[in-house]
Amino acid sequence: MIAFNIERPDQSTLDDIQHKIDFKTKPLGALGDLEKLAEKLCLIQQTLEPALRNPNIIVFAADHGIAESGVSKYPQEVTYQMVLNFVYGGAAINVFSRQHGIELNIVDAGVKGDFVDVPLVINQKIAQGTRNFAIEPAMSIADAELAIQKGADLVNQIAAKGCNVIGFGEMGIANTSSASVIMHKITGLPLLNCVGKGTGLDDEQLASKTQVLQNALAKHVANSPIEILNTFGGFEIAQMVGAILQAAANKMILLVDGFITTSALLIAQAIHPAVIDYCIFCHQGDENGHKGMLEYLNAKAILKLNMRLGEGSGVALAYPIIQSAVNFMNEMASFESAGVSSH
Ligand SMILES: Cc1cc2ncn([C@H]3O[C@H](COP(=O)(O)O)[C@@H](O)[C@H]3O)c2cc1C
Ligand SMILES: O=C(O)c1cccnc1
């Protein structure tokens, strides 16, 4: 397993940050959660003048053997088709990232089928989808570690181009099943609190999905974060774990999306708890379980739009609000410089 050197941001600048926020020309605390956000951005960057440079989103895509067990409303081929949609610019995440000037990177982390002559797909394929974890571990530990390495390497390549704020999203039919089991294993919450309708199962299908996952859990012994990942994870989730760890090691601002991305973060923080100090939680989604994940992490999301999409959509939509937190820190007048008396 590659080693990541992740340090908690130095907290000694907190008083200066708070002072700058409090002396802005507004009633004390009047910018509410935006003030908390600005404080976190300043701590991550160890500055009173934060800046967002070359924002990027990586969408990691992969297929899942557990799809054979009928846990998704949609067929597995949709993963491949959606990757083509991403590179041709037609998906929801394309629309929202274009709107906010965010660069998109589409990664084949383990999609079933090859992208021949589609140069915009970044080829980081580990295998043609995972194995069905209802029967056997989804991947080997070696493949989980390789995936972590590939996710981390890509973040370093993007950082080398001047990016200091990076978000993660995913595409992979049946991946809410992996995310649910990961959540159950890491948080210890009952499986029923962790399983949801994903792309839109009805109640009967949800009961069947829950049974499949219950049986799969009974089949495997997996306790450490890496064992939970290799037994129940997906290649996109494993690459996100590496990407998250590397982004935190690089002291980048890390933008967290929905239920599946947060499951990767659950693994990453179980390995290195300090990653949380670099995370901005962008959206609380509608998938049963996401709220519980955020509560477990003591996190409050910027937006709650009842979406259940993934792809990094919550990241792209929250981005302008994060930019506003940066801009008020840098551009708003202060009582000190304006010569106006304060509170
Ligand atoms: C057309 C389409 C586009 C999507 N974009 C994201 N997802 C989302 O739905 C999938 C997870 O739900 P489940 O576990 O129920 O399969 C993932 O691919 C996720 O990114 C999509 C799903 C579909 C069908
Ligand atoms: O929150 C998510 O990421 C999500 C929820 C349902 C389906 N796909 C993704």
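Analyst: A quick word on angles before anything else: each axis is a line fitted to C-alpha atoms, for helices over the stretch in contact, and the angle runs from 0 to 180 degrees between N-to-C directions. Bear in mind that this is a predicted model.

With that in hand, take helix α2 (residues 32–45) and helix α13 (residues 313–331), which pack at an angle of about 80° with their axes 9 Å apart. Angles of 65 to 115 degrees count as roughly perpendicular, and α2 and α13 are therefore roughly perpendicular to each other. On the α2 side, the contact is made by Leu34, Leu37, Ala38, Leu41 and Cys42. Facing them from α13 are Ile322, Ser324, Ala325, Val326, Phe328 and Met329. Sort that contact by class and you get ten nonpolar residues, one polar and no charged.

Next up is helix α5 (residues 141–159) with helix α10 (residues 235–249). Their axes come within 7 Å and cross at roughly 50°, so α5 and α10 are oblique to each other. The crossing is right-handed. From α5, the contact takes in Ala144, Ala147, Ile148, Gln149, Lys150, Gly151, Ala152, Leu154, Val155 and Asn156. From α10 come Phe235, Ala238, Gln239, Met240, Val241, Gly242, Ala243, Leu245, Gln246 and Ala247.

The third pair leads on to the ligands. α6 and helix α11 (residues 259–271) pack at about 35°, with their axes 9 Å apart, and α6 passes α11 in a left-handed crossing. α6 brings Asn175, Thr176, Ser178, Ala179, Ile182, Met183 and Ile186 to the contact, while α11 brings Phe259, Ile260, Ser263, Leu266, Ile267 and Ala270. Between α6 and α11 the residues divide into nine nonpolar, four polar and no charged.

Now for ligand 1. It is surrounded by 18 residues, and the closest are Ser72, Thr176, Gly198, Thr199 and Gly310. The elements giving two or more residues to this shell are α3 (77–88), β4 (165–171) and α6 (175–187). The largest share, three residues, comes from α6. Thr176 turns up in the contact of α6 with α11 and also among the residues closest to ligand 1. By class, the shell around ligand 1 has seven nonpolar, eight polar and three charged residues.

Ligand 2 has 13 residues around it, the closest being Gly258, Phe259, Gly285, Arg308 and Gly310. Phe259 is also part of the α11 side of the contact with α6. Gly310 is on the closest list for ligand 2 and on the one for ligand 1. The shell around ligand 2 splits into three nonpolar, seven polar and three charged residues.

Zooming out, the protein has 14 helices and six strands. Its C-alpha trace spans about 70 × 45 × 40 Å along the principal axes. A compact globule of 343 residues would have a radius of gyration near 20 Å, and the protein's 20 Å agrees with that.

Terms used:
Residues numbered from 1 in each chain as written. Chains lettered and ligands numbered in written order. Predicted model: local features only at pLDDT ≥ 70, side-chain atom pairs only at ≥ 80, totals over all residues. Near = placed C-beta within 6 Å. Nonpolar A, V, L, I, M, F, W, Y, C, P; charged D, E, K, R; others polar. Helix = DSSP H or I, 4+ residues; strand = E, 2+ residues; numbered from the N terminus. Parallel < 35°, antiparallel > 145°, perpendicular 65-115°, else oblique. Left-handed = near helix turned anticlockwise from the far one by under 90°. Contact = placed C-beta atoms within 7 Å. Rg over C-alpha atoms; globule rule 2.2 N^0.38 Å.
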